[in-house]
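Take a look at the structure first, and then follow the notes topic by topic.

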Amino acid sequence: MTRLVDMKGIEKKFPGVHALKNVQFDLKSGEVHALMGENGAGKSTLMKILSGIYQRDGGELLIGGQEANPVSPREAQALGIGIIHQELSLMNDLTAAQNIFIGREPRRSFGRLDEAALNARTAEIFASMNLDLDPTAVVGDLTIAKQQMIEIAKALSYRSNVLIMDEPTAALNDAEIAELFVIIRRLRDEGVGITYISHKMDELKQIADRVTVMRDGEYVGTVVAADTPLSQIIAMMVGREVKEVPVVAPDLSDAEVSLEVTNLSRGKDIQDVSFSVRKGEILGFAGLMGAGRTEVARAIFGADPRDGGEIRVHGRLVDIRSPADAVNVGIGYLSEDRKHFGLATGMNVRDNIALADMRSFTGMGGILDDDGMAATARNYIDQLGIRTPSEVQEVRLLSGGNQQKVVIAKWLLRDCDVLIFDEPTRGIDVGAKSEIYKLLEVLADQGKTIVVISSELPEIMRLSHRIAVMCEGRLTGILPGGEETTQEDIMHLATQRAAAMQVTGTH
Amino acid sequence: MTDSTITSKASVLVERGTYQKLLAFASLVALLIGFSIASPNFMQTSNMIAILQATSVNGVLAVAVTLVIITGGIDLSVGTLMTFCAVIAGVVLTFLGMPLLIGVVAAIIAGALCGLCSGTFVAKMKIPPFIATLGMMLILKGLSLVISGTRPIYFNDTPGFHLISRGSLIGEVIPFLPIPNGVLILFLVAALTAYILNRTVLGRYTFALGSNEEAVRLSGVNTDMWKMRIYALAGGICGIGGILIASRLNSAQPSLGLGYELEAIAAVVIGGTSLSGGRGTILGTLIGALIMAVLTNGLRVLSVAQEWQTVVTGAIIILAVYADMVRRNKSA
C-alpha cells in the first residue's frame, strides 16, 4: 500500500498553548485510520494542519511522498485532501448542489452560472454514492444525517484521495451510521485513505483498520484495531484504565412518585406517552434519533405546547404552560445544546450559576451581591468538582464536561428536584463522561429525580434504573435497568414500528 | 394545536420567503384598494405616476442595500453616498463642463469606488459593517459639503440632464402612459440586480456569505475579495441613485442624503429580506419600496399631517418584521 500522508515531528503552538508536541501520523491508501483522544488532545489541530487551515510550526509533512506545505484549504484540496468538519460547514440557505460546488461552480461567460450542469454533476456524485437525494433540495430543510452525506459528497467531488472525517457520526442514528459505514468502506476499497476521528468506541471495531491515540497534544501510539482490546485503547487515551460497573437499581418501591406523566400527546411527535419516576430514581430514555424523546422532555418542561395529557409533580396536578411554570414546580431541563440554551459562554462561572436565581442575589435598589454570588459559585465548584481556576473564569474556556457541570449547578441553585438531562455527555470526552455519570448517581442518591435522554446505548445502560424506550412518538416499553436488559432488548423496542404497544414497566 | 400544525405544514409547502413576499404584495394591494376607497383622487394616473416617481430613488438605494444585507452585513452609507455621487456628477458636468455621458459614468464609478472602500473596511480590516458604513456615511456627507462648497450645484448648463429622470421614453411610444425614465431605470436596475443575484457567481456568493461565511472560506473561496466586489456593486448602484436624484432636482444638493439609508433598509425589511443574511429577493425589496411610497402618498392625499405619516411608516416596519417572526416561529 502506498503512503498517502506522512507527518513526522509536527509542532504547533498557539499563544499560551503548546497544542502539538512532536506528533506523528501516517495514512495509507485503502485504509481507515482512526485518530482517538480526549477533547483537547490535539486531533482536530493535527487534521487542520493537514488540510491547510493551520500551518505547522515544525516537523515534516509529506503528501503523496512529496514535501507539502498547504497554506489554505484550497491548496490542500488541490493535493487531494478533503475534510469533513465536526461542525457541519454548509450554507443552509443554498441547495445541495450549490453547496457541493461552492467556489468552483460551472460557469458560462460573464460570470453566469450553469445551474443545469451544476445539478447534473451533483446528481452523478449522489448516484455514485448510492444516495437518493434531490440536488435542488435546500440544505437547511434536510436532516442532519442528509447534511452529513452532502458534506461527504462535497469532499468526494474534489476527487480527494485523503478524506478526513471529524466525528461524522455525532448526530446520526444507527441506521444512518450503518449507511455511512457502507459508503466509507466502498471509498476505502477504491483506494481512498480515510482519517476517522470519533469518540464512539464501538465504532472503532466496525470501521477502523489502525488506531492512533493522542493525549494532551502528544503522540501516544498506533495499534492495529482488530488485535487491540478497547480497554487498552481507552487506557492509552486517558492514561489509566476506565472500569465500567453494571448499574444496580436501588429498591425504590417505597419512594414517593415525584413526576408522573399521563397520556401526554402532541401531534405526531408525542403519542399518548405515560410514565412515572420516583424520588431517587434515574429513568433513561432510549430510542433512535427522531423517536420523540426530546419532544417529550420539551413538552413536560413547557418549552413546546402539548395537545393533551396531565403532569403531576409530587402527586399534585400541575398546569405547565411555559418553562417558567416548570421551574416553579421544580422541574429543570438541561438541553443537549449547552451553548445555545444552557450557558452564556462569554460570561464567567459565577455569573452563569447566579443567572438562574438573580433575585436572591439582588439587594436594595437592584444592587447585586457579588460576594454572595461568588460564595455560592465556589460552593458548587467544590460540590460538583468543576475544574476551573476560579469562579471568575469565562465559561467558554472550560472543557465540555465542566461546562455541563456549570449548567447542573444552575438548576440545583433553582431548587429543581426533577432534572431532565438531554444528551448530557454529547461532545464530552471519555474521562469526563464517567465523572458526569458519577455526579448523576450522587444527585439521585441525594433524592433528586433524574430523567436521562441519550442516543448512546452504553450510556443508557450504564446509568438507568429503568429504561423507557420510544419509537416514532410512542413509548414502546419500559425495561428494568441493570444486567438483565441487553442492548438487543432496547433496540427491539426502539424499532418496534407496529401499533402494538406493551408497557412492561413495574411502576 | 391542530390549526397551528396545519398552518406550519402549509408554510413548509410554500417556498421559503414566498410567504413574506405574498404578504407584502397583499399589503400593497390592500393599501391601494383602501386609499382608492378613501379618496377618489388617489387612483388617478397622475397620482400613480407620482408614486412610482417617488419610489425610484429609494427603490434604487434599497436594491443596493439588499445586496449587502443578504451577505449578512448592512450599509448605512447609501444615502450620503448617493449625494456624494450627485455632487461628483455636478463637478464633472457643471464645473468641468464635460459631456453628459462622462458625468453619469463618473458618478457610477465614484459610487463603486466608495463601495469598494466600505468593502475593504469590512472584509480586509474586519470592521463590523455597521461601524464601517457609519463612518463612511459621515465621511461622504462631509466630503459632499467640502467639494460643493456647501452650495447646491445646478445642472443648467447640461440640457437633457433632467430628462434622465423626468423625461419619459415610454410616454413617447405610448402617450397615455407617461412613466418617467427614473422609474424605468429603477426597474432596469432591479431586473439586472435580480439576474446577478440568481444567475451569477457573484450572486451565489452573496447568499453563501450570508448563510455561512466560514464555510464558504473553508471551501477555498476568496471571501474577502467577493465581499469587496459586492459592496462595490452596491456602491455603483448608489451612483445610479445619485444621478436619479440630481436629475430630478436638476441639482446636486450636498446637504441631502441622511435618512435615505434608513428608508432603504426599511423597504428591504418590509420586502422580506432577512437582516441576519442568507435570504432575500429584489422583487420583495421593490414591493417594500412601493409600499413605503404608497403609504406616504396615500396619507398625504388624505391630508394626514407629515408628522403622522412618519409615525405610521415606523409602525408598518415593526408590523412587517413581526409578521415575518410569527411565520418563522410557526414553521420552526
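A polar atom in the side chain of Ser148(B) sits 3.3 Å from the backbone nitrogen of Thr150(B) in this predicted model. Ser148(B) belongs to helix α6 of chain B, which covers residues 129-148.

**Around Ser148(B)**

- Is Ser148(B) buried or exposed? With a relative accessible area of 6%, Ser148(B) falls under the 20% limit and therefore counts as buried.
- If you set aside the neighbours within four places in sequence, Ser148(B) is in contact with Val87(B), Ile153(B) and Pro254(B).

**Where chain A meets chain B**

- On the chain A side 31 residues take part in the contact, and on the chain B side 23 residues do.
- The size of an interface is often given as the accessible area lost when the parts come together.
- For chain A and chain B the buried area is about 2,100 Å², and carbon and sulfur atoms give 55% of that area.
- Which three residues supply more than any others of the area that chain A buries against chain B? They are Met91(A), Asp93(A) and Leu113(A), which supply 26% of that area.
- There are 2 salt bridges between the two chains. One that you can look up joins Arg204(B) to Glu115(A), with the closest N and O atoms 3.1 Å apart.
- Polar contacts link 9 residue pairs between chain A and chain B, with both residues at pLDDT 80 or more.
- Two helices of chain A, α2 (73-78) and α4 (115-128), each supply at least two residues of the side that touches chain B. The largest share, 3 residues, comes from α2(A).
- Sorted by class, the side of chain A that touches chain B has 12 nonpolar, 11 charged and 8 polar residues.

**Domains of chain A**

- The domain assignment divides chain A into domain 1 (3-238), domain 2 (264-330 + 417-507) and domain 3 (339-415).
- Taken over C-alpha atoms, the centres of domain 2 and domain 3 of chain A are 26 Å apart.

**Where domain 2 meets domain 3 in chain A**

- How many residues of each domain are in contact? Domain 2 of chain A brings 15 residues, and domain 3 of chain A brings 12.
- Between these two domains of chain A the buried area is about 1,200 Å², with carbon and sulfur atoms giving 68% of it.
- Val327(A), Glu435(A) and Leu439(A) together supply 37% of the area that domain 2 of chain A buries against domain 3 of chain A, more than any other three residues.
- The interface of domain 2 and domain 3 of chain A holds 2 salt bridges.
- Between the two domains of chain A, 3 residue pairs are in polar contact, both residues being at pLDDT 80 or more.
- On the side of domain 2 that touches domain 3, the elements of chain A that give two or more residues are β17 (418-422) and α15 (430-445). With 5 residues, α15(A) gives the largest share of that side.
- By class, the residues of domain 2 of chain A on the side touching domain 3 comprise 10 nonpolar, 4 charged and 1 polar.

Conventions
Residues numbered from 1 in each chain as written. Chains lettered and ligands numbered in written order. Predicted model: local features only at pLDDT ≥ 70, side-chain atom pairs only at ≥ 80, totals over all residues. Heavy atoms only, no water. Domains from an automatic or database assignment. Contact = heavy atoms within 4.5 Å. Buried area = accessible area lost by both parts, 1.4 Å probe. Salt bridge = Lys/Arg side-chain N within 4 Å of Asp/Glu carboxyl O. Polar contact = N/O pair within 3.5 Å; in protein donor to acceptor, adjacent residues only side chain to side chain. Helix = DSSP H or I, 4+ residues; strand = E, 2+ residues; numbered from the N terminus. Nonpolar A, V, L, I, M, F, W, Y, C, P; charged D, E, K, R; others polar. Buried < 20%, exposed > 50% of the residue type's maximum accessible area, 1.4 Å probe, protein only.
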